[in-house]
Amino acid sequence: MGNTLGLAPMGALPRRSPRREEPLPNPGSFDELHRLCKDVFPAQMEGVKLVVNKVLSSHFQVAHTVHMSALGLPGYHLHAAYAGDWQLSPTEVFPTVVGDVDSSGSLNAQLLLLLAERLRAKAVFQTQQAKFLTWQFDVIVVAHFLQSLTHRLVLGGELVYHRRPGEEGAILTLAGKYSALHWVATLNVGSGGAHASYYHRANEQVQVGVEFEANTRLQDTTFSFGYHLTLPQANMVFRGLVDSNWCVGAVLEKKMPPLPVTLALGAFLNHWRNRFHCGFSITVG
């Protein structure tokens, strides 16, 4: 007789475990949508600046900044930040309290709270100088909503409502972000204008970014291109930019190991307005 095919009873067949879908990633905050692209561009520098950072604990740190500039009076800033224990992402820690006060007594403080797993709150408090000549109360309410539809696509919106004496209005902005393996594209469109950015990481040393901003209220449109070059063997980082306003700029950062010191030298030239300014900074800590 030939081989016979035996069928096992249904109860004896191994059961396939249900497939577990990976949870969608945290979309982050609305303010961080264009962060990857913005980090490519160099920060504006003018004058001489000394920054001393001091980490007091795993939750609390302070920074002292002395800035001397030919465009204004020398100034001192004290910056303090507190971060709690609840970390949802590398850039989101709750609760967070950030404050900055300058030598004139002006204060700028922010408070970030996590009310629920998907609900956050932010409060901002500002004062102008140590003495108040007049009192004015403004109401600004900002509501953000972001949702990860897939592991790469994030959609959401922002609603800003402001009310002050003699003025009241609301601005709605829709946003979308798509993250690929080596690039990220982001778009914000609303009644106030549009903001689009494209970030591309070519390799471990080279990153580039492109930004397009259109402001309907100011009737202004700007196109910018920036690049970020890392030289790990020399402990150097070079950032540069060029925009549609005929402005070019670059910042060179150099770390000085084993000392916790970073030196930065920057220069910016606006061909259209014939303006040039440069800056030098020392960061300790």
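The structure is a predicted model, in which local features need pLDDT of at least 70 and side-chain atom pairs count only at pLDDT 80 or more, while totals for chains, interfaces and linings use all residues. Residues are numbered from 1 along each chain as its sequence is written, and side-chain values use heavy atoms, with hydrogens and water left out.

The protein has 17 strands and one helix. Helices (H or I, at least four residues) and strands (E, at least two) are DSSP runs, numbered from the N terminus. Of the 285 residues, 24% count as buried. Buried means under 20% relative accessible area, exposed means over 50%, and partly exposed lies in between (1.4 Å probe, protein chains only). The accessible surface comes to about 20400 Å². Carbon and sulfur atoms hold 61% of that surface. Accessible areas come from the Shrake-Rupley method with a 1.4 Å probe; for residues, only the protein chains shown count as cover. Among contacts with a separation of 6 or more, 30% join residues 24 or more positions apart. A contact means heavy atoms within 4.5 Å.

Strand pairing was examined next. Two strands pair if DSSP finds at least two bridges between them. Strand S1 (47–55) has two partners described here. S1 runs antiparallel to S2, and eight bridges join them. Lys54 stands opposite Val62 in S2. Four residues lie between S1 and S2 in their hairpin. The pairing of S1 with strand S17 (residues 275–284) is parallel and spans six bridges. There, Lys49 has Ser281 of S17 as its bridge partner.

Strand S3 (residues 75–89) is antiparallel to strand S4 (residues 92–102), with ten bridges between them. Ser89 is bridged to Glu92 in S4. Two residues separate S3 and S4 in a hairpin. S4 also pairs with strand S5 (residues 107–116), antiparallel and over six bridges. In this pair, Gly99 stands opposite Ala109 of S5. The S4–S5 hairpin has four residues between its strands. Gly105 in that turn has a positive phi of about 95 degrees.

A nonpolar patch lies on the surface. Val48, Leu50, Val52, Val66, Met68, Tyr76, Leu78, Leu265 and Phe280 form this patch, with about 690 Å² of accessible area together. S1, strand S2 (60–68) and S3 are the elements that give two or more residues to the patch. S1 gives the largest share, three residues. Patches are made of residues with over 30% relative accessible area and no salt bridge; like charges are joined within 9 Å, and nonpolar side chains (Val, Leu, Ile, Met, Phe, Trp, Tyr) within 5 Å. A salt bridge is a side-chain nitrogen of Lys or Arg within 4 Å of a carboxyl oxygen of Asp or Glu. Leu50 is found in S1. Its relative accessible area is 37%, so Leu50 counts as partly exposed.

Pro27 lies in the segment before helix H1 (35–38). Pro27 is partly exposed, at 23% relative accessibility. Pro27 and Val154 are 127 residues apart in sequence, yet their C-alpha atoms are 6.5 Å apart in space. Beyond its neighbours within four places in sequence, Pro27 contacts Leu146, Gln147, Ser148 and Val154.

The cysteines were also considered. A disulfide is a covalent bond between the sulfur atoms of two cysteines. The rule applied here requires a pair of cysteine sulfur atoms within 2.5 Å. The count by this rule is zero disulfides. Cys37 is buried, at 2% relative accessibility. Cys278, with a relative accessible area of 40%, is partly exposed.
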